[in-house]
Amino acid sequence: MGDPLDERDQVTAALTVAAEEARAYLADIDSRAVLDPGAEEIIHGWSDPMPEEGDGTLAAVRDLATRGHQAATRSSGPRFFHFVMGGGTPAALAADWLTSAFDQVGYAWASSPMAGRLEQVAVDWLRQLFELPEEFGGVLVSGATMGNFVALAAARNWWAEQHDVDVEEAGLSALSAPPILAGGYIHPSAVQAIGMLGMGKGSIERFTRGAAGRLDADALGARMRELDGPAILVANAGEVNAGDFDPIERMADLAAEHGAWLHVDGAFGLFARLTPEASELAAGIDRADSVIADGHKWLNAPYDCGFAFVREPARLPRTFNVGAAYLPAPDDPRPNPGFLTPENSRRARAFAVWATLRAYGRTGYREMVERHLRVAGHLSERIDQAPQFERLADVKLNIVCFRARPEGVAEEELDALNGRLGEALLRDGRVFAGTTNYEGKVAFRPAIVNWRTQEEDVDLLVDVLVELLEAQLGR
Ligand SMILES: Cc1ncc(COP(=O)(O)O)c(C=O)c1O
C-alpha cells in the first residue's frame with residue numbers, strides 16, 4: 001500500500017468499520033470492567049516497528065479497533081470514579097464524530113464561519129445555562145487547566161493595566177508581580193497556570209484553617225486590608241477531595257471592597273448552579289471577573305473540552321492576539337475564537353457542546369445533576385452503614401470522601417492499608433476509584449459526574465471494596 005490517494009475509495013468502508021466497532025465497544029460499556037484483565041499485557045506488547053510499507057486503511061482501522069477493545073480504559077462508562085471524568089452524551093459523541101468528518105478549523109471566520117459562529121452560540125448557551133451576566137464572554141479550551149491559564153492571563157493583563165504596562169509586549173519584568181491570594185483548595189492546574197504566566201507559583205499566598213485546606217476568610221481579609229490595593233484572588237468552586245467550595249460570596253465582597261480580580265475555578269462545581277439543591281454553594285460566581293469549567297467533566301462532552309469566561313471579553317484578544325498580514329485583521333468584527341486563546345489551530349469543540357445542549361437543554365442537565373447528587377447521597381449512606389468504612393467529610397456535592405477502617409487495625413496502619421486497597425481496586429478493574437490524602441489520611445474520593453452512572457454502579461464500588469478489603473485482611 002502506498003499513497004493515501006490510492007485508497008480514497010476506502011473512506012466509506014473505513015467509517016463503516018469504525019461505526020461497527022464503536023457500536024460493539026459501547027454495547028456492553030454499562031456492565032463490562034473498566035479495565036479488562038490482561039489489558040496491560042496487550043498494551044505492553046503494542047510495540048510494532050514503524051511500517052515501511054503500510055497495511056492499508058481497513059487493516060489499520062481494524063487493528064486499532066480489535067486491540068482497543070481489550071486495551072481501552074472504559075473511563076467513559078458508568079463506573080470510572082477516578083479523578084473527575086465524564087463520558088460523551090449520545091449527542092455529544094455523535095457530534096464529535098462529525099467534528100472530525102467536517103474537520104473545521106476553529107480559528108477564525110476565515111477558516112470556518114460555521115465553527116466561529118457555533119462557538120459563539122455554544123459559549124453563550126453555556127453562559128445562560130450557568131446564569132452568568134450578559135456582559136460575560138468566553139471561549140472553548142482543552143480543559144480546566146487551559147481555562148485557568150486563559151483566565152489568569154486575562155487577570156495578568158488587568159494587573160499590568162493598573163500599572164500602565166502592556167505586559168504582553170514588555171514582559172513581566174516591566175512591573176512587580178501581583179499578589180495572588182487563595183485558600184488551600186486551589187487546584188494544581190491553577191498553580192501551574194500561574195507558573196506558566198511567569199507570576200511565580202511560589203508567590204501564591206494561601207490562607208487556610210484546618211487540615212483540609214478550607215479558606216481562612218478572616219486572614220484573607222486582613223491581608224487584603226494590609227495590601228490596600230489590587231490583587232488576584234483565586235477561588236475554588238468544588239475541590240477535588242470532598243467537593244467542598246470556597247466561600248465565593250465572601251470572596252466577591254472582599255474583591256469588590258479592595259478592587260481585586262476574582263477568578264473562580266469551577267471545573268465541575270460550576271454545575272452546582274444548575275439545581276436549587278446545590279446552587280447556594282456556587283452563589284456569588286456571577287460576581288467574579290473570570291470563571292472556568294470543564295466540558296469533559298459534568299457537561300459530558302468528549303475529551304478534550306473546557307471553557308473560560310471573563311467579565312470583560314475584550315481583554316482576551318488584547319492578551320492573546322498577535323496578528324500577521326496573512327491572518328484576519330485584529331478588528332475583524334466577525335467571530336474569531338482563535339483570537340481569544342493561545343491556540344490558533346483548534347478543533348471545533350463547539351459542535352459537541354452545541355449538540356449536547358440542543359439535545360438535553362437546561363432541564364436535562366438539571367435532572368442529570370440532581371440524579372448524581374442522589375447517587376452520591378446513596379453512596380454516602382452505604383459507607384455510613386458499612387462498619388469497615390469511615391466517611392471523612394460531609395457530602396457537599398458529588399464526591400464521597402472515605403477510607404477503610406476495619407476493626408482490629410491500628411490507626412498507624414490505616415494509610416498503608418488504604419493505599420494497598422486502592423492499588424488492588426485498580427488491578428481488579430471492575431470499578432475504578434482513586435485515593436488521595438485528606439486531612440493527612442489516605443482516603444478514597446469517588447466523584448460522580450458521568451451521565452450513565454446510577455445507584456447500582458456505586459453499589460458495585462462498595463461491594464468490590466468490601467471483597468478486596470477482606471482479601472487484604474486475609475479473612
Ligand atoms: C477544580 C479543578 N480545576 C482544574 C482541573 C483540571 O482540569 P483538566 O484536567 O480538565 O484540565 C480539575 C481537574 O480535576 C479540577 O478538579
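This report covers helix packing, backbone details and the ligand shell of a predicted model.

**Helix packing**

| Helix pair | Crossing angle | Axis separation |
|---|---|---|
| α4 (residues 90-102) and α12 (residues 350-385) | roughly 150° | within 8 Å |
| α12 and α14 (residues 455-472) | about 30° | 9 Å |
| α1 (residues 11-27) and α3 | about 10° | 9 Å |

Take α4 and α12 to begin with. Their axes cross at roughly 150°. Angles over 145 degrees count as roughly antiparallel. The two helices are therefore roughly antiparallel to each other. The crossing of α4 and α12 is right-handed. On the α4 side, the contact uses Ala91, Ala92, Ala95, Asp96, Leu98 and Thr99. These meet Phe351, Ala352, Ala355, Thr356 and Ala359 of α12. By class, the contact of α4 with α12 has eight nonpolar residues, two polar and one charged.

Helix α12 also packs on α14. Here the angle is about 30°, and under 35 degrees counts as roughly parallel. So α12 and α14 are roughly parallel to each other. This crossing, between α12 and α14, is right-handed. Val375, His378, Leu379 and Arg382 are the α12 residues in the contact. Their partners in α14 are Glu455, Val458, Asp459 and Val462. The contact of α12 with α14 divides into four nonpolar, one polar and three charged residues.

The remaining pair is α1 with α3. Their axes lie 9 Å apart at an angle of about 10°. The two are therefore roughly parallel to each other. From α1, the contact takes Ala13, Ala14, Val17, Ala18, Glu21 and Tyr25. From α3, it takes Thr57, Leu58, Val61, Arg62, Ala65 and His69. The contact of α1 with α3 holds eight nonpolar, two polar and two charged residues.

**Backbone details in the loops**

Tyr303 and Asp304 are joined by a cis peptide bond. Omega at this bond is about -10°. Asp304 sits in the loop between β8 (290-294) and β9 (306-310).

Phe83 has a positive phi, near 50°, although the residue is not glycine. Phe83 belongs to the loop between α3 (57-71) and α4. Phe83 has 14 C-beta neighbours inside 10 Å, so Phe83 counts as partly exposed.

Asp228 is another non-glycine residue with positive phi, near 50°. Its loop runs between α9 (217-227) and β6 (232-236). Asp228 has 9 other C-beta atoms within 10 Å, so Asp228 is exposed.

**The ligand shell**

How many residues surround the ligand? There are 15. The closest are Gly143, Ala144, Thr145, His187 and Ala267. By class, the shell around the ligand has six nonpolar, seven polar and two charged residues.

**Drawing the parts together**

Helix α12 takes part in two of the pairs described. Its contact with α4 includes Phe351 and Ala359. Its contact with α14 includes Val375 and Arg382. The α4 pair is roughly antiparallel, whereas the α14 pair is roughly parallel. Helix α3 packs with α1, and the loop between α3 and α4 carries Phe83.

Key
Residues are numbered from 1 along each chain as its sequence is written. This is a predicted model: local features need pLDDT of at least 70, side-chain atom pairs count only at pLDDT 80 or more; totals for chains, interfaces and linings use all residues. Axes are lines fitted to C-alpha atoms, for helices over the stretch in contact, and angles run from 0 to 180 degrees between N-to-C directions. Helices (H or I, at least four residues) and strands (E, at least two) are DSSP runs, numbered from the N terminus. Angles under 35 degrees count as roughly parallel, over 145 as roughly antiparallel, 65 to 115 as roughly perpendicular and the rest as oblique. A crossing is left-handed if the near helix is turned anticlockwise from the far one by less than a right angle, and right-handed if clockwise. Two residues are in contact if their C-beta atoms, placed from the backbone, lie within 7 Å. Ala, Val, Leu, Ile, Met, Phe, Trp, Tyr, Cys and Pro count as nonpolar, Asp, Glu, Lys and Arg as charged, and the others, Gly among them, as polar. A residue is buried if 20 or more other C-beta atoms lie within 10 Å of its own, exposed if 12 or fewer, and partly exposed in between; C-beta atoms are placed from the backbone. A residue is near a molecule or strand if its C-beta atom, placed from the backbone, lies within 6 Å of it.
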